[in-house]
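Please read the points below with the sequence and the model open beside you.

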Amino acid sequence: MRKRYSLSVRNGFVVFCVAGAIAAAACTDPLSREPYAGQHQPQRNILIPNIDDDNGDGVPDVNAIPLPAGTDDDMLQIQVFPEGKLPLRTMVRADISEPWTYFARAFIRQASPDGSRFAPPPVELNLADIRREGVVIGVEAADFPASDRPPTIEVKVMFETREGQPLHQEKLLCRVAPFLLSSCLDPAEQVQVVKTRATEQFVRNLEPLVVAAGAELEIVEGVSIPEHDIWIQDAVEIGYATDGERLMHIALHGNRGRELDAVFAKKALGRNFGVIKRGDFRGKSAEWIDWYGNLEVSPPVKAKGRDFRNGRIYAGTQAERAMHPEVIKFLEAQGAQGPVLWLDTSWLVIGHVDETVSWVPSKVGAPFRMMIPSPRLAVEIIKQAEQHAPGGILNRGTKREGDKPGEFERPVAEALRDKGLMATQERIQEKIDAVRRTLQDELGVADADIIEIPVLFNSDKSWFPGRYFAETVNMVNGLLVGKDYIVPDPRGPLVDGKDVLLQAVKDRLEPLGCRVVPLDCFYPYHRWGGEIHCGTNATRRAGPSMT
């Protein structure tokens, strides 16, 4: 067991200690890192829901018979030291109060021939053991806080005679750690990608880049996954829960009604990796809007008098369409990264927020920068390119058999003469500027901390008229691994042998200490409506900060 707490039933003071040390020594709070001495400074008893699978049987531990003491880190142990003399054959019970009664369990540790184990109450006390070690209450949560279930669990510990006569009652308070979304700035341990026939080459090219950046590549594949369902970002939201010392990764199951959602959930469940699900597939009417590329979190920010130490969640809306209400209700009930910030993505075909904003670290000034797409900058760059090196090509080298003229690969000069295309850039720039104002107002991001990334947008009257898609690849939609930003290779026009769109991004990010690494994802990702971020996911470490 990782943690043990000591509690005097007379004064109710709690002291945190490491690795089973008994109270009365000076300890350190892992949340604040401030030293605590003695028993007169109350601590928070924090537990992570026991929803991982330590023994690898494919069943969350909370659904199994409680494991022997010392083999499961997910049980919060609280030592209760009764004061005064207890009669022989004293019984102890521990009950969970509403509304957690059906979502948490309490056990009493007792000796057995095979070693001490947690047993369901009531348990008869061994008075000799109690004098030495107290009564150890094990508390196990089966779920996270919810809109009708606050983060605090109340445990009633009752000492009684064998006949049920009450001797003493004490209340213990435990706090369930919130489910938190990971920021893209958190260090990546693993990067996930789906391998099908269409993505084989991309996966081969991605792996050495991920490894070089200090992470592992986890390849998700299976005969049940359709070849076109390559959007692992949308199938799962990988977050975490922490008690300030230990961290459990948590996969939030997708609501797309597709095989990949369940395949990854089954694959992910394991030691220190749990799976939860909120909501269900809402049908065709909610396609794309419920996908998790439309659910992101900012880095830690301060805005409007509030300190979002774990970042703030944001999601996109398309008129009356918005992220699944059950998912939003659950996230806001965690009390840590909400309320959800809604961004207008109604002008986009897919409508995901990861098409409109992302983040990179910085060693200069503020610790991060916010990236947003900029049609205005893209037009400016390609105009200059055409002046310096006439005959440049957009989406250079991407033409495939069956493409219509100018559908993907297109001369820069032709694009600049296209009045409709140029008017579209002005129209979309206004939409993006409005999103930018919302983000700055609600997240407190300064102008100096925003980086514009060149992207051209377009529309098709036969395909979601009035909504737009990226004409050139959207380099906002990249993958950050450590300080390496893996961007979709823009295949822009060349000037002096350099891709002017890629160089613009390098010029803006590399002085901040962020290495820009291009990777071709035009087929299948860009052609099928997404980029690198859409086609990857990441399991990330996080610090001890908790709200």
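1. A disulfide is taken here as a pair of cysteine sulfur atoms within 2.5 Å. On that criterion, a search of the whole structure finds zero disulfides. The sulfur of cysteine 514 is too far from its closest cysteine sulfur, that of cysteine 184, for a bond, because 9.7 Å separates them. Cysteine 514 is also buried, at 1% relative accessible area, where buried means under 20% relative accessible area, exposed over 50% and partly exposed in between, with a 1.4 Å probe and protein chains only.

2. On provenance, this is a predicted model, in which local features need pLDDT of at least 70 and side-chain atom pairs count only at pLDDT 80 or more, while totals for chains, interfaces and linings use all residues. Residues are numbered from 1 along each chain as its sequence is written, and side-chain values use heavy atoms, with hydrogens and water left out.

3. As to the overall fold, the protein has ten helices and 38 strands, these being DSSP runs numbered from the N terminus (helices H or I, at least four residues; strands E, at least two). Of its 547 residues, 57% count as buried. Among contacts (heavy atoms within 4.5 Å) between residues at least 6 apart in sequence, 72% join residues at least 24 apart.

4. Alanine 385 lies in helix H6, residues 375-388, and is buried, with a relative accessible area of 4%. Leaving aside residues up to four places away in sequence, alanine 385 touches Pro390, Pro493, Val495 and Val500.

5. The search for aromatic pairs finds twelve in the whole structure; rings of Phe, Tyr and Trp (its six-membered ring) pair if their centres lie within 6.5 Å, and planes under 30 degrees apart count as stacked, over 60 as edge-to-face and the rest as tilted. The rings of phenylalanine 179 and phenylalanine 330 form a tilted pair, because their planes stand at 35°, with the centres 5.8 Å apart. This pair links distant parts of the chain, 151 residues apart, with phenylalanine 179 in the loop between strands S13 (166-176) and S14 (180-181) and phenylalanine 330 in helix H5 (residues 325-333). Phenylalanine 179 is buried at 1% relative accessible area, and phenylalanine 330 is buried at 3%.

6. Lastly, the charged end of arginine 527 sits over the ring of phenylalanine 408, 4.2 Å from its centre, the criterion being NZ of Lys or CZ of Arg within 6 Å of the ring centre and within 35 degrees of the ring normal. Arginine 149 lies over the face of tryptophan 100, at 5.0 Å from the ring centre.
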